[in-house]
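Hello,

Here is the structure for you to look over. My notes follow below it.

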Amino acid sequence: MSFYSFCEIKSSKSFEQWAIWSIMILRVSKSKSVQVRAMAAEDGKDPRLARISSAIRVIPDFPKPGILFQDITTLLLDTKAFKDTIDLFVERYKDKEISVVAGIEARGFIFGPPIALAIGAKFVPMRKPNKLPGKVISEEYSLEYGTDIMEMHVGAVEAGERALVIDDLIATGGTLGAALRLLERVGVHVVECACVIELPGLKGRERLGDKPLFVLVNGDA
């Protein structure tokens with residue numbers, strides 16, 4: 001509506017119609033803005049991702065020479081970046097009918113619980129051997145040298161539940177793949193695996209088979 005047309009409004013009825021029309025336009029615009037924000041993490045253009053990436057400290061030669069360690073403790077010190085991290089995951093999974101968030105020891109325990117609470121799911125810890133006090137189900141997986149085991153309490157999940165597996169980082173994909181197999185052995189449908197950071201050069205994604213993986217930050221960049 002032009003300024004001239006606005007000035008031509010004579011009656012209170014006409015003005016009321018114009019006001020209703022304006023509110024409808026604002027609502028549509030707001031709805032479109034929310035939709036764009038929800039899609040932003042998918043194409044890497046969400047401005048929150050830059051803050052998250054810059055908040056992660058990279059420490060060379062730790063824990064041994066040649067390794068660039070992705071240190072998320074600095075992300076946890078930045079309350080805005082930490083909140084953005086949780087928010088991005090919650091926005092992605094809140095409408096996917098997920099009833100289980102499975103967090104991998106140990107840093108999956110940092111991100112998993114707030115996501116689970118926000119989407120109304122239970123949190124299930126996936127732990128190293130002899131850490132859980134009750135009866136467990138175990139899954140062995142390969143490391144660069146040797147093997148390790150991941151465990152989960154028997155009865156923590158039920159067949160038919162929908163799960164998200166969360167960790168801070170995917171490198172070779174061994175632990176994430178073990179968690180996935182452990183859940184699927186008891187009849188749980190793993191909707192997706194999610195990490196804050198991915199190291200694409202180590203090709204961990206390939207060890208997940210056809211299971212989708214969602215990450216926020218490329219650690220090789």
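Over which residues does pLDDT stay under 50? The stretch is residues 1–41, where the model has 18 contacts beyond four places in sequence. Here pLDDT is the predictor's confidence in each residue, from 0 to 100, and a contact means heavy atoms within 4.5 Å. Where pLDDT is low, the predicted coordinates should not be read in detail. For the chain, the mean pLDDT is 85, and 80% of residues reach 70 or more.

Some ground rules. This is a predicted model, so local features need pLDDT of at least 70 and side-chain atom pairs count only at pLDDT 80 or more, while totals for chains, interfaces and linings use all residues. Residues are numbered from 1 along each chain as its sequence is written, and side-chain values use heavy atoms, with hydrogens and water left out.

Aromatic pairs

The whole structure holds 5 aromatic pairs (Phe, Tyr or Trp rings, the six-membered one for Trp, with centres within 6.5 Å; planes under 30 degrees apart are stacked, over 60 edge-to-face, the rest tilted). One of them is F89 with F214: the centres are 6.0 Å apart and the planes at 80°, so the pair is edge-to-face. F89 lies in helix α5 (residues 79–93) and F214 in strand β9 (residues 213–218), so the pair ties together parts 125 residues apart in sequence. Helices (H or I, at least four residues) and strands (E, at least two) are DSSP runs, numbered from the N terminus. Both F89 and F214 are buried. Buried means under 20% relative accessible area, exposed over 50%, partly exposed in between (1.4 Å probe, protein chains only).

Y93 also pairs edge-to-face with F214, at 6.4 Å centre to centre and 85° between the planes. Y93 is in helix α5 and F214 in strand β9, 121 residues apart. F89, Y93 and F214 form one aromatic cluster. The charged end of R92 sits over the F214 ring, 4.0 Å from its centre (the test is NZ of Lys or CZ of Arg within 6 Å of the ring centre and within 35 degrees of the ring normal).

Salt bridges

There are 14 salt bridges (a Lys or Arg side-chain nitrogen within 4 Å of an Asp or Glu carboxyl oxygen). R48 bridges D46 at 2.7 Å, N to O. Both residues are buried. R48 also bridges E91, with the closest N and O atoms 2.9 Å apart. R48 lies in helix α3 (residues 47–55) and E91 in helix α5, so this pair ties together parts 43 residues apart in sequence. E91 is partly exposed, at 25% relative accessibility.

Regards
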